[in-house]
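Morning, everyone. Please have the sequence and the 3D view open, and we'll walk through a few spots together.

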Amino acid sequence: MPRNTRKSSAWRWLWPLAVLALLWVANPVISDRDRFSPYLLQIVMLSGINIVLSVSLNVVNGFAGQFSLGHAGFMAVGAYTSAYFTMSVMHTPLRLMSAGEQAAWMVGALILSGLAAGFCGWLVGMPSLRLRGDYLAIVTLGFGEIIRILIRNIDQIGGPRGLSGISPLTSFFWVGAVAALTIALSRNLLDSTHGKALLAVREDEVAAESLGVDTTGYKVTAFVLSSALAGMAGCLFAHYLVYIHPDSFWFVRSIEIIVMVIVGGLGSTTGAVLGAVIITLLPEVLRNADVLLADAHIPLPFLLKDYRMVIYSLLLILLMLVRPKGIMGGAELSWKSLRRLFRRQSEGARA
Amino acid sequence: MEELLQQIFIGIVRGGVYALIALGYTMVYGVLRLINFAHGDVYMMGAFFAYYTALKLGVKAATLPGQLTVMAAAMVGCAVLGVVIERLAYKPVRKAPRLTALITAIGVSLLLENGGQIVFGPNTQPFPEIVPVRQVARLGSITVTNQQVLILVSCLGLMLLLQFFVHRTKMGKAMRAVSYDRDAASLMGINTDSVISVTFAIGSALAGAAGVLLAIYDPTIDPLMGLLPGLKAFAAAVLGGIGSIPGAMFGGLFLGMAETLVAGSKLFSSYRDAIAFAVLVIVLLVKPTGIFGTGAVEKV
């Protein structure tokens with residue numbers, strides 16, 4: 001019996017709360033333009049949103065082993081629903097609101113976006129999760145594109161012009177809170193009956209079914225959960241950038257999220273977090289690499305900045321050739337694994 | 001009615017090109033079980049190989065030997081490119097989990113797109129007029145141009161050649177064997193590595209031909225032009241049943257027609273890019289392995 005099944009259930013949900021408290025304290029400092037660079041803040045915010053996306057996609061692709069490629073579509077549903085909601089219902093300007101009121105609006109928008117995207121996930125998942133492997137991949141990709149083109153054709157939400165003038169409700173706290181919630185959900189899910197059932201489906205669907213696991217039911221619920229979280233990420237995204245366009249959610253973004261999951265290591269929540277941070281940071285690091293190199297007096301015949309996307313794609317290929325199972329290779333970072341690592345090292349030192 | 005027939009005809013022309021791209025997807029999937037995400041970009045490279053060859057030839061590009069040179073340059077260039085991609089990016093991860101190869105494929109696709117934007121420039125460029133358009137026939141109410149005839153004849157010819165190759169040559173037989181069971185084929189003394197390379201070469205050459213044909217028809221090219229046709233061709237391959245060569249041909253023609261019909265209708269024209277996926281979703285929900293696909297027998 002693995003030890004973590006006996007882990008006290010209070011701690012499972014206590015640590016996210018502790019993180020929330022920390023975020024609440026840190027929020028004013030980090031959001032202050034004078035004390036924290038807005039450029040860095042932007043990278044942090046986008047990393048946070050990407051963490052929500054990749055961790056939630058990992059639930060379907062990594063845990064349940066169902067290859068879904070339509071995550072951006074659900075993100076779009078969440079973004080547009082919540083943006084339309086706050087734009088049409090919220091009439092007081094943001095600066096005239098108390099912090100409590102703002103929080104209430106944000107929570108409302110998040111819940112609504114989660115519900116809408118979750119419902120779409122159910123609509124898409126119900127029929128398509130009967131399909132296997134690459135067929136499921138192309139159908140989810142197709143649904144993502146259909147959602148995008150539908151949005152392009154609805155004039156009330158801007159159509160091909162995009163939707164602008166969304167209130168900037170998203171703060172550092174909210175991004176962190178949703179990310180912490182997503183990570184906690186994903187970690188705790190694996191220890192639950194539901195999570196074990198998903199793993200069984202991934203390992204061998206026929207065997208799982210013959211043991212009485214309702215494979216379709218579990219797959220669909222995982223899909224709905226994942227879509228709902230993607231919708232919330234969309235809500236954060238819309239209320240952070242204050243402008244959304246249907247083409248921000250096309251299949252290239254779905255592919256980007258999949259890249260995050262696999263670069264980190266499919267099936268590992270830690271990996272999904274790492275992958276999201278790396279894929280968000282990498283282009284920015286390459287953008288700034290020239291300054292660093294110039295400071296270090298390393299002359300280059302060209303500017304790295306101009307070639308950053310080429311370098312990015314080369315690094316991606318190289319990483320997969322060197323570590324085919326991703327950075328974490330399916331392993332998780334936890335207190336237990338850290339302890340094991342230290343024990344092994346001290347044993348190595350003694351030997 | 002007349003307009004409908006005309007639309008169907010244009011759809012067949014466009015569908016032929018999609019089918020050529022879809023063939024590459026389906027062949028690679030057949031032997032490697034890999035969705036070659038970079039295939040749409042190989043198609044783009046074909047158009048650019050043709051572009052530079054045509055520029056080099058100047059006015060001579062519009063003569064018959066010139067046209068053949070342009071076509072040959074694109075097909076050979078793409079075939080070499082396909083084999084290089086396979087050797088460098090896919091072969092080393094053949095034993096790794098399947099999704100790893102998918103990510104390297106995405107990496108190659110990004111590399112070609114972003115590299116293309118640096119080497120060729122990011123802007124849309126006009127493709128030289130190597131086959132000046134002229135109306136050659138009227139079948140009842142349908143207008144037929146020489147470009148459309150060229151595309152139809154080329155697609156048909158290439159598909160017949162492919163059928164001959166796959167079913168009548170030794171290499172084709174080996175390819176079918178590898179696609180049926182790679183390990184068993186290798187135990188029977190088939191050099192699977194060279195079969196896979198040949199598959200990539202042929203699939204990429206077909207994509208290159210498609211790139212030239214579509215560039216002649218819609219004479220603008222840019223480094224991102226492969227994205228959407230690549231995706232639609234992939235949808236076509238899955239629609240027909242991925243791994244099946246007749247399936248890819250059928251899927252391409254079907255999607256091409258569906259798309260032009262929707263684009264031509266007054267009510268739904270803005271849904272043009274969605275129709276390929278809508279058709280795909282409906283077909284797969286009814287027949288989960290595509291129209292010509294055979295469901296894998298599941299061993300328990």
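Let's start at Arg33(B), which sits in the loop between H1 and helix H2 (39–57) of chain B. Helices here are DSSP runs of H or I, at least four residues, strands are runs of E, at least two, and both are numbered from the N terminus. This is a predicted model: local features need pLDDT of at least 70, side-chain atom pairs count only at pLDDT 80 or more, and totals for chains, interfaces and linings use all residues. Residues are numbered from 1 along each chain as its sequence is written, while chains are lettered from A and ligands numbered from 1 in the order in which they are written.

Back to Arg33(B). Its phi is positive, about 55 degrees, although it is not a glycine. Most residues other than glycine have a negative phi. Arg33(B) counts as partly exposed because it has 15 C-beta neighbours inside 10 Å. The cut-offs: 20 or more other C-beta atoms within 10 Å is buried, 12 or fewer is exposed, in between is partly exposed, with C-beta atoms placed from the backbone.

Val242(A) has a positive phi near 55 degrees, and it is not a glycine. Look for Val242(A) in the loop between helix H9 (215–241) and strand E2 (243–244) of chain A.

Next, helix H5 of chain B, residues 146–168. Its 23 residues should span 33 Å at 1.5 Å a residue, and the end C-alpha atoms are 32 Å apart, which agrees. That expected span is 1.5 Å times one less than the number of residues. Which residues of H5(B) are buried? They are Gln148(B), Ile151(B), Cys155(B), Leu158(B), Met159(B) and Leu162(B). These pack against helix H1 (2–32), strand E3 (142–145), helix H8 (192–217) and helix H10 (245–264) of chain B.

Now the two chains together. In contact are 30 residues of chain A and 36 residues of chain B. Contact means C-beta atoms, placed from the backbone, within 7 Å. On the chain A side, helix H5 (133–152), helix H10 (251–264) and helix H12 (308–322) are the elements giving two or more residues. H5(A) gives the most, with nine residues. That side of chain A divides into 23 nonpolar, three polar and four charged residues. Nonpolar covers Ala, Val, Leu, Ile, Met, Phe, Trp, Tyr, Cys and Pro; charged covers Asp, Glu, Lys and Arg; the others, Gly among them, are polar.

That's the tour. Thanks.

Definitions and conventions:
Two residues are in contact if their C-beta atoms, placed from the backbone, lie within 7 Å.
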